[in-house]
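Me: I'm new to this one and would like a close look at a single part. Please show me how the inside is packed, and take it slowly.

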Amino acid sequence: MLKIGVIGLGNIAQKAYLPVMAAMQDQYEFHLTTRNPAKRAQLATMYGFQHTHATLEELMAVKPAAVFVHTPTDTHAAIIKQLLLAGIHVYVDKPVATDLQVVQSLYDLAAARHLLLTCGFNRRFAPFNQQLKALPDKRMLVAEKVREAGGQDPETAVFDLMIHMVDTGLFLLDEPLEHTSGRVTTTDTGALAQGYLTVQTAHEQLEVITNMYGGVNLEQVTVQTTGQRVSVTDLSTKTVMTTATTTTTAFPDWTPTLEKRGFAPLIRAFLTAVATHGPNPVDPTTAITSHAVCRHLLSD
């Protein structure tokens, strides 16, 4: 049975990853890692995990095939490099890093060592977003994220929040990028107010909008094709509009949230790729592009 490590057991790991992994313990041997002994004991008991460690070195000593990295962003690069140099596949929360040269160097290292470095862009795997991707003849796309009230500095907000919509929008495009432009606006205190990105291809135009002070919490992606308009709201409902009809579809009541939001499909895809030596479920070139667009947005 493959050993799979998890380092960093904070909010995202507890909400989005451990519940999925707990249901896969008949397929993989999971090893949880955190310096907090109380948290190790609590989560092991809650989910029935049998193996815990205090440090990355302890985890690496058991020779895991892959490690999920859920530590703070500023620790990602050092941990990823250490794991790749040890021959271990890596899954990491977005962003891989905020320095584009570091992102590129880590993907280059993974490629040189024939290892997976997979960035956790879960929205690519959300079922309704997958249906948007399959639409033919796309022309106009809008990926919008609205927060009731923000407060984050521009770099944190762009790489923590806006990057999801940037990546989703770029994922939905079917043609090579020809031109990008954008800007960010800030509040009097220096927090991100809004972020705007425009992307053009030969036949498609993408608008990515992040509004940190919009009075509502909303995520919506709309694709206009030559024959219909399709919107996905909060990853959970899909509305299809034509001249004569409007149809709204929701998931069955018992569909787990982590399935709807794409976390469970992405986790399964990564572990399958590790087990079968398959391709990276989050293509490295496109992941690097999403990081680059965010970096350039902040630099312009």
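Reply: Let's start with Leu83. Leaving out residues up to four places away in sequence, Leu83 touches Leu56, Met60, Val67, Val69, Ile88 and Val90 (a contact means heavy atoms within 4.5 Å). Before going on, keep in mind that this is a predicted model, where local features need pLDDT of at least 70, side-chain atom pairs count only at pLDDT 80 or more, and totals for chains, interfaces and linings use all residues. Residues are numbered from 1 along each chain as its sequence is written, and side-chain values use heavy atoms, with hydrogens and water left out.

Now widen the view a bit. Leu83 belongs to the largest nonpolar core, which has 88 residues, and together with Phe30, Phe68 and Leu271 it touches the most other members. Such a core is a set of buried Ala, Val, Leu, Ile, Met, Phe, Trp, Tyr and Cys residues joined through side-chain atoms within 4.5 Å. Buried means under 20% relative accessible area, exposed means over 50%, and partly exposed is in between, using a 1.4 Å probe and protein chains only. The biggest contribution to this core comes from helix α7 (residues 154-172), which gives eleven residues. Helices (H or I, at least four residues) and strands (E, at least two) are DSSP runs, numbered from the N terminus.

What about the sheet? Six strands make an open sheet with parallel pairing, in the order β3-β2-β1-β4-β5-β6. Its edges are β3 (51-53) and β6 (117-119), each pairing on one side only. From one strand to the next, the twist averages 20 degrees; the axes are lines fitted to C-alpha atoms (for helices, over the stretch in contact), and angles run from 0 to 180 degrees between N-to-C directions. Strands pair if DSSP finds at least two bridges between them. Take β4 (residues 66-69) and β5 (residues 89-92): four bridges join these parallel strands, and Ala66 stands opposite His89 in β5.

Another spot worth a look is Thr33, in strand β2 (residues 28-33). At 1% relative accessibility, Thr33 is buried. Apart from neighbours within four places in sequence, Thr33 is in contact with Val6, Ile7, Gly8, Leu9, His53, Ala54, Thr55, Leu56 and Leu59. Leu56 turns up in the contacts of both Leu83 and Thr33.

Neither sits in a disulfide: for Cys119, the nearest cysteine sulfur is that of Cys294, 10 Å away. A disulfide would be a pair of cysteine sulfur atoms within 2.5 Å, and a search of the whole structure finds zero.

Finally, step back to the whole protein. The secondary structure comes to ten helices and 14 strands, and 49% of the 300 residues count as buried. Of the contacts with a separation of 6 or more, 68% are between residues 24 or more positions apart.
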